[in-house]
Amino acid sequence: MHKSGEREKNKTKQVTRHCSHLYLSIYKAHWTVDERERERERALAMAGADDLKVLGLWTSPFVIRVRIVLNLKGLAYEYVEDDLSNKSALLLSSNPVHKTVPVLLHAGRPVNESQIILQYIDEVWAGTGPAVLPRDPYERAAARFWAAYIDDKVKSAWLGMLFECRDEGERAEAVARAGEALGTLEGALRGKPFFGGDGVGFVDAVLGGYLGWFGAVGRIIGRRLIDPAKTPLLAAWEDRFRAADVAKGVVPDDVDKMLAFLETLLANYYSK
Ligand SMILES: N[C@@H](CCC(=O)N[C@@H](CS)C(=O)NCC(=O)O)C(=O)O
């Protein structure tokens, strides 16, 4: 095929991918290339730079962190709760590799994996609201380091404390592991109100996503998981974070509801 014809075909394919529902309105044979290009731009704008949908689960630390960052950026989005015992066709087709929530759909295009989603939001809306990751490359590397640390150490302790422990001894062991990881994070906070400095940032959102479950653990073990006696800076951070506007309505604070959810989950998944 002729090169310009090939380019034209590719553009049409691209638009079809981005906003298939608008396809018919842009594909008019008598239009010139320029007219089609202008219409393509218009169609993409209509599809909405801010057309955002989150597929989620209200208790998921990974989903919660995405919602926190969308709140931080002041971005409106549609939230769709998925049923992980009967995953939606949209979830399966949007995250065919892991089949997990969260999925962010931006103008219909899926972005997977929560930390990647947070960075995507920060890049696309760099000019909107506060920066999620620090702008300084060294500080940014440090934030990514701590976020990875949290999803390694805190995540495994979280699974151990609630979902994988077979008895109270195993729970206590996981609680101790969580305490160690939280002790290390106390050092990373270094007296700042938030990991991100004066306001919530990347690491705050990543750790903050777990706070609903920390509340549930607290009820089970009879004390705050983030122990004010051992990690006073982090305990103050928790209070500050829970009170922040970005966390409101997103970080679960109803411990009874969390524990009822846990019970159902354990009965449905882990007894099989
Ligand atoms: N690494 C993933 C973890 C996501 C994840 O594990 N999500 C859970 C909900 S908390 C899920 O969708 N589980 C469904 C499954 O594993 O089938 C991320 O950060 O997005």
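Q: How far is a nitrogen atom of the ligand from an N or O atom in the side chain of Glu 113?
A: The model is predicted, so local features need pLDDT of at least 70 and side-chain atom pairs count only at pLDDT 80 or more, whereas totals for chains, interfaces and linings use all residues. Residues are numbered from 1 along each chain as its sequence is written, and side-chain values use heavy atoms, without hydrogens and water. With a polar contact taken as a pair of N or O atoms within 3.5 Å, the distance between the ligand nitrogen and the side-chain atom of Glu 113 is 2.8 Å.

Q: Which residue places a polar side-chain atom 2.6 Å from an oxygen atom of the ligand?
A: The ligand is surrounded by Ser 60, Phe 62, Leu 84, Lys 87, Thr 100, Val 101, Pro 102, Glu 113 and Ser 114, where a residue is near if one of its heavy atoms lies within 4 Å. Val 101 has a backbone N or O atom 2.9 Å from a nitrogen atom of the ligand. The side-chain atom 2.6 Å from a ligand oxygen belongs to Ser 114.

Q: What is the omega of the peptide bond from Val 101 to Pro 102?
A: Most peptide bonds are trans. Pro 102 lies in the loop between helix 5 (89-94) and strand 3, with helices (H or I, at least four residues) and strands (E, at least two) being DSSP runs numbered from the N terminus. The bond from Val 101 to Pro 102 is cis, its omega being near 5°.

Q: What is the strand order of the open sheet?
A: Strands count as paired if DSSP finds at least two bridges between them. Strand 1 (residues 52-56) and strand 3 (residues 103-106) run antiparallel and are joined by four bridges, with Val 54 bridged to Leu 104, and strand 3 also pairs with strand 4 in the antiparallel sense over four bridges. The sheet has four strands with mixed pairing, in the order 2-1-3-4.

Q: Which residue in the turn of the hairpin has a positive phi?
A: Strand 3 and strand 4 form a hairpin with two residues between them, and Val 103 has Asn 112 as its bridge partner in strand 4. Most residues other than glycine have a negative phi. The turn residue with a positive phi, of about 50°, is Ala 107.

Q: How is helix 4 oriented relative to helix 7?
A: Angles run from 0 to 180 degrees between N-to-C directions, and axes are lines fitted to C-alpha atoms, for helices over the stretch in contact. Helix 4 and helix 7 (residues 137-162) pack at about 130°, with their axes 13 Å apart. Since angles under 35 degrees count as roughly parallel, over 145 as roughly antiparallel, 65 to 115 as roughly perpendicular and the rest as oblique, helix 4 is to helix 7 oblique.

Methods: Polar contact = N/O pair within 3.5 Å; in protein donor to acceptor, adjacent residues only side chain to side chain.
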